[in-house]
Amino acid sequence: AQTVTQSQPEMSVQEAETVTLSCTYDTSESDYYLFWYKQPPSRQMILVIRQEAYKQQNATENRFSVNFQKAAKSFSLKISDSQLGDAAMYFCAYRSGRVYSGGSNYKLTFGKGTLLTVNP
Amino acid sequence: NAGVMQNPRHLVRRRGQEARLRCSPMKGHSHVYWYRQLPEEGLKFMVYLQKENIIDESGMPKERFSAEFPKEGPSILRIQQVVRGDSAAYFCASSPPSSMATEAFFGQGTRLTVV
């Protein structure tokens, strides 16, 4: 079974600074996807960024980027120019590349989360 | 295009009562996933349904919990004889019927409190 570990229960960053959130995972599969989700106090789960395991290039979405180290099974999230609105719980998640019969597979395994505080 | 709709947002039940949580997927989505988030925890997969079919229920507790996604209407997660340990936020996500789907969309969750 796959596991996802987030070793930092809480992190804080000054506004406009950069912060990196850590995530490691364990799997025997070669085809999979990794995600970072943001959960603000409203509880809405918001997809921040996605990485396909077969892609060597690290994914980037505006101020958010990842450092994907496949051999080390590490998938960290870097937030640049932090803003007050970035304050939230961040979850790392794993999805197998295996597809169920009938198509689709969005069964996610989540880490326990990192609570990010942004200080003005 | 409305997002994934869950209702109610908040549900209070006394121990022993039944809880029914509803999830209407996004238009065009026929795949629904239910997750549970206990306090201070990440989301944990419970069940994956397609219309009229349970595809994967490996995360469902063996007793008291059931889920359905009928041909018409929302998906329902049903918890019978609730206990205090069932208190949690329950999330539903939906995706289109494609192996190439790159994202599932989450609802805002139902917070169940058992008193």
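Is A:Ala53 buried or exposed in this structure? In this predicted model, A:Ala53 is buried, because its relative accessible area of 5% falls under the 20% cut-off. The area buried between chain A and chain B is about 2,200 Å², and ten salt bridges are counted over all chains.

**Surroundings of A:Ala53**

- A:Ala53 sits in the loop of chain A that runs between β6 (46–52) and β7 (60–61).
- Leaving aside residues up to four places away in sequence, A:Ala53 is in contact with A:Ser30, A:Tyr32, A:Phe68 and A:Lys70.
- A:Arg98 lies 45 residues from A:Ala53 along the chain, and the C-alpha atoms of the two are separated by 13 Å.

**Strand β9 of chain A and its partners**

- Strand β9 (residues 74–79) of chain A has five of its six residues buried, so it is largely enclosed by the rest of the structure.
- Strand β8 (residues 64–69) of chain A pairs with β9(A) in the antiparallel sense over six bridges.
- β8(A) and β9(A) make a hairpin with four residues between them, and A:Lys73 in the turn has a positive phi of about 55 degrees.
- Strand β3 (residues 19–21) of chain A also pairs with β9(A), in the antiparallel sense and over three bridges.
- A:Lys78 in β9(A) stands opposite A:Ser65 and also opposite A:Thr20.

**Strand β12 of chain A**

- Strand β2 (residues 10–14) of chain A runs parallel to β12(A), and five bridges join the two.
- β10(A) pairs with β12(A) in the antiparallel sense over three bridges.

**The open sheet of chain B**

- In chain B, four strands in the order β1-β3-β8-β7 form an open sheet with antiparallel pairing.
- The edge strands of this sheet are β1 (5–7) and β7 (65–68) of chain B, each of which pairs on one side only.
- From one strand to the next, the twist averages 15 degrees.
- β7(B) pairs with strand β8 (residues 75–79) of chain B over four antiparallel bridges, and B:Glu68 stands opposite B:Ile76 in β8(B).

**Contact between chain A and chain B**

- Chain A contributes 24 residues to the contact and chain B contributes 32 residues.
- Carbon and sulfur atoms give 49% of the buried area of about 2,200 Å².
- Two salt bridges cross the interface of chain A and chain B, and seven residue pairs are in polar contact between the chains.
- On the side of chain A that touches chain B, the elements giving two or more residues are β5 (32–39), β6, β10 (88–96) and β11 (108–110) of chain A.
- The largest share of that side comes from β5(A), with three residues.

**Salt bridges**

- A:Lys107 and B:Asp56 meet in a salt bridge with an N to O separation of 3.0 Å.
- A:Lys107 lies in the loop between β10 and β11 of chain A and B:Asp56 in strand β6 (residues 53–56) of chain B, so the pair joins two chains.
- B:Asp56 is buried at 9% relative accessibility, whereas A:Lys107 is partly exposed at 28%.
- Within chain B, the side chains of B:Asp86 and B:Arg64 form a salt bridge at 2.7 Å, N to O.
- B:Asp86 is in the loop between β8 and β9 (88–95) of chain B and B:Arg64 in the loop between β6 and β7 of chain B, so this pair ties together parts that are 22 residues apart in sequence.
- B:Asp86 is buried, with a relative accessible area of 3%, and B:Arg64 is partly exposed at 26%.
- Salt bridges with shared partners join A:Arg50, A:Glu52 and A:Lys55 into one network.
- In the pair of A:Glu52 and A:Lys55, the N to O separation is 3.9 Å; A:Glu52 is buried at 13% relative accessible area, and A:Lys55 is partly exposed at 39%.

Technical notes:
Residues numbered from 1 in each chain as written. Chains lettered and ligands numbered in written order. Predicted model: local features only at pLDDT ≥ 70, side-chain atom pairs only at ≥ 80, totals over all residues. Heavy atoms only, no water. Buried < 20%, exposed > 50% of the residue type's maximum accessible area, 1.4 Å probe, protein only. Contact = heavy atoms within 4.5 Å. Pairing = 2+ DSSP bridges. Axes fitted to C-alpha atoms, helices over the stretch in contact; angles between N-to-C directions. Buried area = accessible area lost by both parts, 1.4 Å probe. Salt bridge = Lys/Arg side-chain N within 4 Å of Asp/Glu carboxyl O. Polar contact = N/O pair within 3.5 Å; in protein donor to acceptor, adjacent residues only side chain to side chain.
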